[in-house]
Amino acid sequence: MKRVFCFISLFVLCAFSLNAQVLNPGESAPAGALVYSLPSTTLHLRVEAQYEDFLEGPYARFASKYLGVEASLENYKRYKISSIELIPYIEADPSVNIAINLSRSRNASANFLEMINQGLIIWSDSYSGKNSKVVYPNMNSEDLFTRSMTTSNLSKEKTTLYRTVQTATGVERVAVQQNQVIEKSLERRAEETAALIFRLRSKRLDIITGDTDATFSGDAMRAVIEEINRLEQEALSLFLGKVSTGIQTASFDVIPSISNERQMYIAFRVSDDLGLLPANNLSGRPITLEVVIDPASRSVASQQASKGAVLYRKPVMTNVRISDGQTMLLMSRVPIYQLGATLSFPIDIATGRL
């Protein structure tokens with residue numbers, strides 16, 4: 001009778017030790033128990049936006065007078081999304097911690113490790129190790145025009161002064177010439193730069209038509225024409241301004257939640273002036289992410305922990321759509337764990353694979 005009682009006690013103890021116990025916040029795990037979590041899907045977005053920054057030229061308001069063309073007098077910045085990459089990451093759900101004691105059961109240990117390999121459960125301290133970064137471009141400045149300033153900023157000016165001189169006939173005024181160096185006005189420098197542009201154009205025409213003392217042919221002519229074109233463009237930029245282009249990159253994370261009934265999220269924002277912004281920055285228009293759950297994936301209801309069983313998650317298949325207003329930017333099919341059902345599996349069955 002005593003042996004039967006000990007056998008029953010040992011059986012009850014083993015059955016109890018193999019049960020999965022959900023830990024409440026602040027609750028410590030039982031001694032000797034393994035702590036695992038349920039998987040959670042994080043939607044990681046890598047976004048690239050092309051930007052175009054225009055900086056007006058310092059001589060823009062004189063372009064019509066000296067070149068006969070209209071130049072823009074306002075700076076602007078334009079950003080446009082060029083690419084979006086959606087990468088699902090599997091991480092441990094920080095809100096769910098489950099303790100389980102596998103005792104010395106070989107089957108339970110093998111099945112537990114197999115479930116981890118298949119991603120149905122996950123260690124509570126697992127982290128994907130992804131790098132989130134935001135790269136912002138350098139802003140334009142007037143230093144872009146420094147090398148294009150080919151004319152001098154100073155000029156010499158003659159001034160006639162008069163002084164009184166005592167002579168035998170009386171006091172007379174005598175003219176005195178004085179040379180002084182002064183700063184050129186902005187319009188004067190614009191006028192000289194415009195004259196340089198017309199000289200370059202005239203010289204280019206002479207070279208092309210052969211109306212020049214020097215003889216150019218083949219690669220030599222091409223090199224001379226290209227250099228004249230470069231000098232002309234540099235001078236024209238002082239009137240017409242300069243445009244710089246580049247790429248801004250940023251990373252954003254969206255974690256779908258079962259509590260969100262509509263499954264609509266603001267993934268990030270885009271501003272014409274600032275580019276890519278996080279979702280909480282109201283300076284830009286929202287880029288929305290919608291998760292549409294496949295109805296067939298919801299055919300299984302969640303279960304509670306039972307004796308000798310381990311809890312795991314079955315993901316649901318979803319269609320993830322990213323939109324800019326009415327324009328769809330990306331659509332992809334992604335399994336999401338935290339929106340699926342929580343099920344139980346008998347951990348101590350005689351198999352090492354699921």
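Me: What makes the largest set of nonpolar residues here a core, and which of its residues have the most contacts inside it?
Reply: In this predicted model, where local features need pLDDT of at least 70 and side-chain atom pairs count only at pLDDT 80 or more, totals for chains, interfaces and linings use all residues. Residues are numbered from 1 along each chain as its sequence is written, and side-chain values use heavy atoms, with hydrogens and water left out. A nonpolar core is a set of buried Ala, Val, Leu, Ile, Met, Phe, Trp, Tyr and Cys residues joined through side-chain atoms within 4.5 Å, where buried means under 20% relative accessible area, exposed over 50% and partly exposed in between, with a 1.4 Å probe and protein chains only. The largest such core has 25 residues, and Leu45, Phe268, Leu276 and Leu289 have the most contacts inside it.

Me: Which strands each supply at least two residues of this core?
Reply: They are β3, β4, β10 (242-254), β11 (264-271), β13 (285-293), β14 (309-324) and β15 (327-346), where strands are DSSP runs of E with at least two residues and helices are runs of H or I with at least four, numbered from the N terminus. A second, separate core of 20 residues includes Leu38, Ile98, Ile116 and Ile121.

Me: How many aromatic pairs does the chain have, and why is the pair of tyrosine 36 and phenylalanine 112 called edge-to-face?
Reply: Rings of Phe, Tyr and Trp (its six-membered ring) pair if their centres lie within 6.5 Å, and planes under 30 degrees apart count as stacked, over 60 as edge-to-face and the rest as tilted; by this rule there are five aromatic pairs. Tyrosine 36 and phenylalanine 112 have centres 5.5 Å apart and planes at 80 degrees, and are therefore edge-to-face. The two residues are 76 apart in the chain, with tyrosine 36 in strand β2 (residues 34-37) and phenylalanine 112 in helix α3 (residues 106-117).

Me: What makes phenylalanine 54 and tyrosine 76 a stacked pair?
Reply: Their centres are 5.2 Å apart and the angle between their planes is 15 degrees, so the pair falls into the stacked class. Phenylalanine 54 lies in strand β3 (residues 39-55) and tyrosine 76 in strand β4 (residues 76-92), so the pair ties together parts that are 22 residues apart in sequence. At a relative accessible area of 8% phenylalanine 54 is buried, whereas tyrosine 76, at 25%, is partly exposed.

Me: How do you know that arginine 78 lies over the face of tyrosine 76?
Reply: A charge sits over a ring if NZ of Lys or CZ of Arg is within 6 Å of the ring centre and within 35 degrees of the ring normal. Arginine 78 lies over the face of tyrosine 76, at 4.1 Å from the ring centre.

Me: How do you know that the span of helix α4 agrees with its number of residues?
Reply: The expected span is 1.5 Å times one less than the number of residues, so the 24 residues of α4 (residues 186-209) should span 34 Å, and the end C-alpha atoms are 35 Å apart, which agrees. Among the buried residues of α4 are Arg189, Thr193, Leu196 and Leu200, and their cover includes α2 (63-66) and α5 (219-240). Glycine 210, which follows α4, has a positive phi near 80 degrees.

Me: Why is isoleucine 247 called partly exposed, and which residues does isoleucine 247 touch?
Reply: Its relative accessibility is 47%, so isoleucine 247 counts as partly exposed. Contact means heavy atoms within 4.5 Å, and, not counting residues up to four places away in sequence, isoleucine 247 touches Glu48, Ala49, Gln50 and Tyr51.
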